[in-house]
Amino acid sequence: MGIRGLMSFVEDHGCEFFTDLKVRDTKIVIDGYALFHRLCFSSDLELRYGGDYDAFAEVVQSFFASLSACDICPYVVLDGGCDISDKKLTTLKDRAREKIQTAHSLAVGRGGHVCPLLAREVFLQVLARLRVRFVQCFAEADRDIMTLANHWDCPVLSSDSDFCIFDLKTGFCPLNSFQWRNISADKATKNCYIPAKCFSLDAFCRHFSNMNKTLLPLFAVLCGNDHVNLPIVETFLSKARVGAAKGRRHGRVLGLLNWLARYADPAEALAQVLNYLPKKARGSVQELLCCAMEEYQQSPGRLHDFFQGGTYVCPDAVNLGLPEWVLVALAKGQLSPFISDALVLRRTILQTQVENMQRSNAHRVSQPIRQTIYGLLLHASLRPGNTPCQALPPRPPAFREVERIQKNIKTSVVEAVELLKGHPDLSTLTELSLARRQMLLLETLKVKPTVLEPVPAALKLPIAVSCFWLQHSEAKARLHHLQALLLGMLVGPLHAIINSPGNVVAAPGQA
């Protein structure tokens, strides 16, 4: 989520709304999505050639080393798939279009920031290697982050302006003022700490005539966030003359906050908003605004249970009747949100990367693999349980993929591969023997087992995927392409051997 103009507004008033904080010896709940983007974009990494993943992994490791040096115990919470109502689809499509333009800018040598496709997976791998506790929510994580931080009475680390609206007991620390590269020591105790800024919701409300903080969710949805972008709200803003002089920076933010500060509570303010709208529209607008305001309330999920006992219960996911192993794998980040989107919505959004915009997007070559995945998901039994019928959008028989076509997006219909009789459904997939699983994988990649017999075990999967790529690539691969690919596979293992403890590299001329 995110509220238009709010973060820059509060940063412009930093002396009023923020307090200095020495972060040490505490739990901290981290917005994982915000963190890996921040580390990727603020570390001078190469973003144009597919991803500088080794350097990115080192940055992530350094960040958590700084936390450890200050006795800060991090809990990372990541967004999952789209909400089951799919209410953010318009926003997600708009962002996809923006990302295409930014990727094109990078591709032609100009500036911009686009996360490489595997940055999220690398981030999760580093967390696992460092044994940093993390969870992947079933959908958007903001409410879960707020609820967990309040349960533990600890700060939130993010860059999302929605955390200026949540009523957080210990506050919200923006990532751009969290100086993890500049660890300091207390002069008296010599204890290390990370200098940071902490947003004060109380100071923010005092600035606007001691407004009731429960009015802030209504401010968020009227100002415009990822969930609400109603043209009819503009009718209210125009008729009520809410906003500063045209062209003034943060006019809408200031105007709405000053207007809302007149009212005692959200019910009174919402009634006044509806008075400015046509009578026939009031009922539907009220329902939508109230539903959107719920996004700023406590989450029914209990993430502290997951971190203490390994069980994460998301009511939406449970009500859908997904197999238990899928729920566990999603929570542990072992399955991508791509899977939950395909399962629940029968729609996926293929992420843009920096590439030649005149050619087909790089996801096209792997479409046959996704079709097999869709085949495994096609007959998954979703039992709505207590989920309201209107909450689940109709599930079409085929799958839709939102993909890049040149410099725009297009929704393509993709048929799932009907698996042969005898293949398992999703609920029993993990019960297959290792040999059966390998057979299913190789059938998907169109590779015969005999091809991989002389290949070392660690390279069997990369080689099998390379064989698939050579057969399905739109542009014919040349010898130097294959040589570069094989060299890339070998560099990592060779680097590990050379730098392993006790290894001695012979000097030139020595045996």
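This dialogue goes through several features of a predicted model.

Reader: Start with the sheet that holds β9. What is the order of its strands, and what is the pairing?

Author: In general, strands of a sheet pair through backbone hydrogen bonds, either parallel or antiparallel. Here the sheet is open, has three strands in the order β9-β10-β11, and shows mixed pairing.

Reader: Which strands stand at the edges?

Author: The edge strands are β9 (347-349) and β11 (408-414). Each has a single partner strand, so one side of each is left without a neighbour in the sheet. On average, neighbouring strands of this sheet are turned by 25 degrees against each other, direction ignored.

Reader: Which helices lie across β9, β10 and β11?

Author: Helix α5 (residues 89-107) lies across these three strands and runs at about 120 degrees to β11. Helix α18 (residues 367-378) also lies across β9, β10 and β11, with an angle of about 155 degrees to β10.

Reader: Where is Glu-355, and is it buried or exposed?

Author: Glu-355 is in the loop between β9 and α18. The cut-off for buried is under 20% relative accessible area. Glu-355 has 17%, so it counts as buried. Not counting residues up to four places away in sequence, Glu-355 touches Ala-107, Ser-360, Asn-361, Ala-362 and Arg-404. Glu-355 and Thr-411 are 56 residues apart in sequence, and their C-alpha atoms are 19 Å apart in space.

Reader: Now β8. Why is it described as largely enclosed?

Author: Strand β8 (residues 192-199) has eight residues and six of them are buried, so the rest of the structure largely encloses it.

Reader: Which strands do the bridges join to β8?

Author: Strand β1 (residues 18-23) runs antiparallel to β8, with six bridges joining the two. Within that pairing, Asp-20 has Lys-197 in β8 as its bridge partner. Strand β7 (residues 184-185) is also antiparallel to β8 and is joined to it by two bridges. Ala-185 stands opposite Cys-192 in β8. β7 and β8 form a hairpin with six residues between them, and Lys-190 in the turn has a positive phi of about 70 degrees.

Reader: Turning to helices, how many residues of α3 are buried, and which are they?

Author: As background, an α-helix has 3.6 residues a turn, so residues three or four places apart point the same way. Helix α3 (residues 32-41) is mostly covered, with seven of its 10 residues buried. Those residues are Gly-32, Ala-34, Leu-35, Phe-36, His-37, Leu-39 and Cys-40. They pack against elements that include β2 (26-31), α4 (53-69) and β3 (72-78). The others in that list are α6 (119-130) and β5 (156-158).

Reader: What is found at the start of α3?

Author: There, a side-chain oxygen of Asp-31 comes to within 3.3 Å of the backbone nitrogen of Tyr-33.

Reader: And where is Leu-45 placed, and what is it in contact with?

Author: Leu-45 belongs to the loop between α3 and α4. Its relative accessibility is 16%, so Leu-45 counts as buried. Setting aside neighbours within four places in sequence, Leu-45 is in contact with Leu-39, Cys-40, Ala-55 and Phe-56. From Leu-45 to Thr-372 the separation is 327 residues in sequence and 35 Å in space, C-alpha to C-alpha.

Reader: Last, at what angle do α9 and α11 pack, and is the crossing left-handed or right-handed?

Author: Helix α9 (residues 216-223) packs with helix α11 (residues 251-260) at an angle of about 145 degrees, and their axes are 10 Å apart. The crossing is right-handed. From α9, Leu-216, Leu-218, Phe-219, Leu-222 and Cys-223 meet Arg-252, Val-253, Leu-256, Leu-257 and Leu-260 of α11. By class, this contact has nine nonpolar residues, no polar ones and one charged.

Notes. Residues are numbered from 1 along each chain as its sequence is written. This is a predicted model: local features need pLDDT of at least 70, side-chain atom pairs count only at pLDDT 80 or more; totals for chains, interfaces and linings use all residues. Side-chain values use heavy atoms; hydrogens and water are left out. Axes are lines fitted to C-alpha atoms, for helices over the stretch in contact, and angles run from 0 to 180 degrees between N-to-C directions. Helices (H or I, at least four residues) and strands (E, at least two) are DSSP runs, numbered from the N terminus. A crossing is left-handed if the near helix is turned anticlockwise from the far one by less than a right angle, and right-handed if clockwise. Contact means heavy atoms within 4.5 Å. Ala, Val, Leu, Ile, Met, Phe, Trp, Tyr, Cys and Pro count as nonpolar, Asp, Glu, Lys and Arg as charged, and the others, Gly among them, as polar. Two strands pair if DSSP finds at least two bridges between them. Buried means under 20% relative accessible area, exposed over 50%, partly exposed in between (1.4 Å probe, protein chains only). A polar contact is a pair of N or O atoms within 3.5 Å; within protein, one must be able to donate a hydrogen and the other to accept it, and residues adjacent in sequence count only if both atoms are side-chain atoms.
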